[in-house]
Amino acid sequence: RSPYVTEAVVQELSDRFGQDEVLRGGMRIQTTIDLEFQAMAEQVVRDNHRRLINQGLPVDQIALAAVDPRTHYVKAIVGGVNYDESQYNRAIQAIRQPGSAFKPFVYYAALASGRFTPDSSIDDSPVSYPDGNEMYSPRNYDGSFGGSMSLRQALASSRNVPAVKLGQEVGINRVIEICRLLGISSPIEPVISLPLGSVDLTPLEMAAAYATFASGGWQSDTTMIVQVTDSNGNVLLDNTPRPQLVLDPWATASLTSMLQDVVNSGTGTNARLNRPAAGKTGTTSSERDIWFVGYVPQLSVSVWVGNDDYTPLWSGATGGGYVAPIWRDFMQQALEGEPVENFRPASDFVRP
């Protein structure tokens, strides 16, 4: 019923057991996918694609990945608008630039260093760094500079210059290290502009990394498979979650509170739900990729919008304007009947 799911599961099985074993058959697989969720996600992608086209946005594709932060089980995965027209699964195969949706990894590194709090100030002013034979001078999206502001404000309004400065303060290699801790395996170059998302990642990698923020820093392996047995009922694979604490709880809780400000009063207000939610918009400089990635304690979801041939969408197409409403649409349906849960405050934990 959901070919994107079937293919993704077969891919995971092949990675685990080898293709020959999978082709031989006889395996019984229990997946993590919630079929109701899956149908809902597919419908949301189709409906919103139609809406964007009607609004005049020249967009081919939307991908969505949903992960349960408590288990790191994948609950839904939509690889594109129409499987019959394109079997390419963008949720796990398309590596695209996340833009500002990458910034939380940098801010987490700053908070975990013990040198910064959400209220620490940073200067949003012109700066240049030597980069090879030339100088790199980061710019904000609107071309202006905001002067001294708190980290909280800088992230909520998605200022670029403070993110690049923080990247230099904590060290780009430390940011990459944190991405690896969060289970991101795509190649990452240690470039100065990395804090602005100049790296190619998949929607599933983004949803799974944010799921670790949602769980307060606890992580299991992200998977679409609960269990595999052979024809005699012997267990070949058991993916019962084995959570490990990989992030500092104070820094994670502080980051979540900052990402709630993004949704409540920053660039992500179109993602507001009738419950506490945290998230981040992403827009690449050429408007080729626009994102919203966000979470509540029970669910982490990333949505990517763009074109397969990398043609830009249009000037002014932002993750906050076009993708946050898709995320909200899915979350409202997915969380119907789920109790409202609050995130644990940073005050519950010891600052590093």
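This is a predicted model: local features need pLDDT of at least 70, side-chain atom pairs count only at pLDDT 80 or more; totals for chains, interfaces and linings use all residues.
Now step back to the whole fold. The secondary structure of the protein chain comes to 11 helices and 14 strands. With a radius of gyration of 20 Å, close to the 20 Å that the globule rule gives for 352 residues, the protein chain is as compact as a globular protein of that length. If you follow the C-alpha trace along its principal axes, it spans about 65 × 50 × 45 Å.

What about the inside and the surface? Of the 352 residues in the protein chain, 57% are buried, where buried means under 20% relative accessible area. Among contacts with a separation of 6 or more, 72% are between residues 24 or more positions apart. The protein chain exposes about 14,900 Å², and carbon and sulfur atoms supply 46% of that area.

For a closer look, find helix α9, which runs over residues 203–214. Its 12 residues reach 16 Å from the first C-alpha to the last, close to the 16 Å expected at 1.5 Å a residue. Is α9 enclosed or open to the outside? Because 12 of its 12 residues are buried, α9 is largely enclosed by the rest of the structure. The buried residues include P203, E205, M206, Y210, T212 and F213, and A207, A208 and A209 are also among them. In an α-helix, residues three or four places apart point the same way, because there are 3.6 residues a turn. Just after α9, G216 takes a positive phi of about 80°.

Technical notes
Residues are numbered from 1 along each chain as its sequence is written. Side-chain values use heavy atoms; hydrogens and water are left out. Helices (H or I, at least four residues) and strands (E, at least two) are DSSP runs, numbered from the N terminus. The expected span of a helix is 1.5 Å times one less than its number of residues. Buried means under 20% relative accessible area, exposed over 50%, partly exposed in between (1.4 Å probe, protein chains only). The radius of gyration is taken over C-alpha atoms; the globule rule is 2.2 Å times the number of residues to the power 0.38. Contact means heavy atoms within 4.5 Å. Accessible areas come from the Shrake-Rupley method with a 1.4 Å probe; for residues, only the protein chains shown count as cover.
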